Amino acid sequence: AATVLLSRCLLKMVKGNLVVPEEILSFCSNGLQGSTSSPRARDPGEREEAPGAMASPSPPRNPTEVQMSQLVLPCHTNHRGELSTGQLLKWIDTAACLSAERHAGCPCVTASMDDIYFEHTISVGQVVNIKAKVNRAFNSSMEVGIQVSYEDLCSGKHCSICKAYATFVAQGPSGSKVKLKLLTPQTEEEKIEHSIAAERRRMRLVHKDTLKDLLTRSPRDTAELETRDGSVAVPAEKTRVESVELVLPPHANHQGNTFGGQIMAWMENVATIAASRLCHAHPTLRAIEMFHFRGPSKVGDRLVLKAIVNNSFKNSMEVGVCAEAYDQEMSVSRRHINSAFMTFVVLDQEGQPRSLPMVAPEPGEGERRYREASARKKIRLDRKYVVSCKQTEVPLSVPWDQSNKVYLSYNNVSALKTLVAKANWALAREKEKVRMYTLEEDKFLSFRIEILVHIAADRAFSLLSDLRRRHEWDSHYASAELVQQVDNDDMIYHVVSQTLSSENKPQDFVILASRRKPCSKGDPYVVAFRSVTLPTHPASTSFTRGETLCSGFCIWPESEEMCKVAYYNQATPGYLNYVTTNVTGLSSDFCATFEACEKFLLKNNEDLKNNEDL
C-alpha cells in the first residue's frame, strides 16, 4: 500500500509541475540510474492459472478462440487412473488446429509444437478445459497459444496444467501454401502475445544453432559410467523400443493426413516404454521438447516409432523418440515424420522424484545423443532461470554465457514489448515536441518519453542502438565500451555514468543491448537493455555497480522520412522512495535530453544518407 501511495504521489507531482532533480530525471533518460525491474515476459510452457469456465462478465471473445471441455473417463487413463499424456496431446492438437482453421478459412496442418511442461496430473472424473486462439499470423504460418487447466467437479477447484504454443501452416488445393490475412489484437493480453510471438518464432529458428554452439564448448568425456548407488550403468541399448502402427481412417484428420495429435500420442507411448525399461517402474512425463513435423503421412502408411533413453540424470531421464513412415510393406525408403525429446521422472509414494540409474551410451551415435541430452538439460535449466522464475527469485543481473544467450535476448526484448503493450498509459507532461507518459501498475511506476523526429526509422534505429555514441547526446553517459559482440543483434557494453551514487562514486553497468528490426508492417524497431554479469567485468571498488532490467527504445515509422522515438523505463519500489524524498521543484531535464537526442539524430541523418548512396 505504501508503494502505491508513493507512485501516486510522484504522478501528481509530475502532473503538478513540481521540480524533479536532475538525478531523478536522468533515470527517465538513460535507464541506468538505480535498479529497475520489468513486467517479466512469459515463457512458452510457463504456468498460468486459468480462469473459471463461467467467469462473468467476460470481454468480447477473440474470433479465433476455441474452447474444449473433456470429461476424463477410464478409457483415457493409464494404470494409475491418471489422464494419459498422449490423449491430452490429441485434445490439445485438435483445439489448436480448429483455432488455426477458424482464422485461415482453409485446412491447416501442425508444423511444430513448442516445449510443454506439465505441472500436474489429471484424474478420472475431472474435466480438462482447453482454450486455444491464434496469437499472430505470419505469411503462411501462424502461432496458436493453448492454455490447459483441469476442473474438479466436486470441489469446484481449477488448476493450470500447462501452456503451449503450436505453429500451423495453412494449405490450399494440392497442398499449396496459403497467404494468411493479418490478425489485429484487441485486448492488452492479445497485444502482448502478438508482439512476443515474433520473438518466440526467432527462438525456434536459432534453437539448433544454440545446441550446436554449446556442444562445441562442452567436454566429450562419457567415461563415468557407474551408477549413483555403486552398481554398473545400464546399457542404453536395453531401453531401445521399436513399434509399428498402421494408419487407419480413424487416425486421420478431415484432410486425409495422419492426425498430428495421434502421432504425438504414439510417440509418447513408445517413449514411456523406453523410460520404464531403464527404471523398472512406471515413469511420469514432465516435459516435452518441441515436436517438429518434417512431412505428412496418410491413411495406409505404416509408421515406425523408435525410442531410446539418451541420458539419465539424478532424478530425471531424457528419451529420444522419432517417427518414420513408408507407404507399402516392402518399401525400402522411409520418410522422417517427426522427432522429439521427452523428460521423465519416477515418483515415490510421497510424490517426490527418486534417484535413477545411469545410462551407458552406445559408441558413436549413442555418445552423440548422450552429450546432446546433457546440453539440452543445461539449456532448459538456464531458460527456467532466466525466463520462468518469479521476479523475486532472479537477480537483476543474470550471468551471461553461450547456453543462455538466446533466452536472455528473448527475455530482454519480450520484457520491453510487454511494457509497450500495456494499457492505461497517462499523459503526465508535454513540453514542445516531447511527451512524457506514466503507468501505475502493482508496485511499479513506469515512464514513457516520446518525440517525433524527421529521420527514417531505420536510420534512427542504427544510431540509437549503438551505446558507444550515447554520450554524444546524453549528458548522463560518461562512456560505453563494447566488450562483446554476441551476434548481429546482441551486444554487451560496459557503461560508466556521469552521475555519482550515494557512495560518491560513479556508477557502472554491464548491459546487454538487443536489437530487433520489424517482423512485419506495423511493428516497431526495438532496442532493449538489461543488466548481465560477465566474468571479465566484475564489480570494481572504483564504481558502484548499478542494474537495470527493463528499458529501451521503440521506433515507429510515421513516413519515409519521419519516425516516432519512444523510450521506456520502469521504477522499482525502492527507487520510488528515493524519488519521493528528493522532489524539490520543476525541471525540464528529460525534455532537454530528448531534444538533444533529436539534434543528434538530425545531425547524423545526412551522413547515413550519404553512406547509403555510396
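The model is predicted. The protein chain has 614 residues, 56% of them buried, and contains 10 helices and 24 strands.

**Chain totals**
- About 27100 Å² of the protein chain is accessible surface, and carbon and sulfur atoms account for 52% of that area.
- Of the contacts between residues at least 6 apart in sequence, 72% join residues at least 24 apart.

**Nonpolar cores**
- The largest nonpolar core comprises 73 residues, and M142, I146, F291 and M317 have the most contacts inside it.
- Helix α5, spanning residues 260-279, supplies the largest share of this core, with 10 residues.
- Domain 1 (63-192) and domain 2 (233-391) each contribute at least three residues to this core.
- Beyond four places in sequence, M317 touches residues including A275, L278 and C279, as well as V309, M342, F344, V346 and L356.
- Another core, lying apart from the largest one, has 38 residues, among them A457, L464, A480 and F590.

- Strand β9, residues 284-293, holds E289.
- E289 counts as buried because its relative accessibility is 9%, where the cut-off for buried is under 20%.
- The C-alpha atoms of E289 and I116 lie 6.7 Å apart in space, although the two residues are 173 residues apart in sequence.

Terms used: Residues numbered from 1 in each chain as written. Predicted model: local features only at pLDDT ≥ 70, side-chain atom pairs only at ≥ 80, totals over all residues. Heavy atoms only, no water. Helix = DSSP H or I, 4+ residues; strand = E, 2+ residues; numbered from the N terminus. Buried < 20%, exposed > 50% of the residue type's maximum accessible area, 1.4 Å probe, protein only. Contact = heavy atoms within 4.5 Å. Areas by Shrake-Rupley, 256 points an atom, 1.4 Å probe, with all protein chains shown as cover. Core = buried A, V, L, I, M, F, W, Y, C linked by side-chain atoms within 4.5 Å. Domains from an automatic or database assignment.
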